[in-house]
Amino acid sequence: MWIPIQINENSAEPLYHQIETQLRSLIISGVITEGTLLPSIREFAGDLKCSVITVRRVYQDLENEGLLRTRQGTGTFVSHVGGDAMEGYKREAILKALEGAVDVGLSVKCSQEELIELFMEIVKNKYKEQK
């Protein structure tokens, strides 16, 4: 199975974190559904041109969160994630991203009003693109 993960080698964000964040989003959004068999660690690492250790860490982290489950000799599958848990993951992911954006705004001395205005502009533009 091909998984649409985009790696930015110029990013300061660690490679495992880029992969983990995107894979989590694909699961939470339902793009990759419950019961889907993921590529083996070795195969996925080859597809992403990264270390087997990196993919193993991603799979282990997501398994610890309850998003994946591994069956010995069978592979790694997307777990059942209930509606409440799904909403919790969505909320957590959004809050984390917004906190990061606010931290950047504070670091460049952006006022609260400027930040809210920028946020609303981005939201309007993104939702226009969806239509």
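Select H1 and helix H4 (residues 83-107) to begin: their crossing is left-handed, a term used if the near helix is turned anticlockwise from the far one by less than a right angle, with right-handed used if clockwise. Helices (H or I, at least four residues) and strands (E, at least two) are DSSP runs, numbered from the N terminus. The model is predicted: local features need pLDDT of at least 70 and side-chain atom pairs count only at pLDDT 80 or more, while totals for chains, interfaces and linings use all residues. Residues are numbered from 1 along each chain as its sequence is written, and side-chain values use heavy atoms, with hydrogens and water left out.

H1 and H4 pack at an angle of about 140 degrees, with their axes 10 Å apart. Axes are lines fitted to C-alpha atoms, for helices over the stretch in contact, and angles run from 0 to 180 degrees between N-to-C directions. The angle makes H1 oblique to H4; angles under 35 degrees count as roughly parallel, over 145 as roughly antiparallel, 65 to 115 as roughly perpendicular and the rest as oblique. Now show His-17, Ile-27 and Ile-28 in H1, which meet Met-86, Tyr-89, Lys-90 and Lys-96 in H4 (contact means heavy atoms within 4.5 Å).

On the H1 side, select Leu-15, Tyr-16, Ile-19, Glu-20, Leu-23 and Arg-24; they meet Thr-54, Arg-57, Val-58, Tyr-59, Asp-61 and Leu-62 in H3.

Within this selection, zoom in on Arg-57: its charged end sits over the ring of Tyr-16, 3.5 Å from the ring centre. A charge sits over a ring if NZ of Lys or CZ of Arg is within 6 Å of the ring centre and within 35 degrees of the ring normal. Then move to Arg-71, whose charged end sits over the ring of Phe-77, 4.5 Å from its centre.

The axes of H2 and H3 come within 8 Å and cross at roughly 115 degrees, and H2 passes H3 in a right-handed crossing. Here Ile-41, Arg-42, Phe-44, Ala-45 and Leu-48 in H2 meet Val-52, Val-55, Arg-56 and Tyr-59 in H3.

Finally, display the whole chain, which has five helices and two strands.
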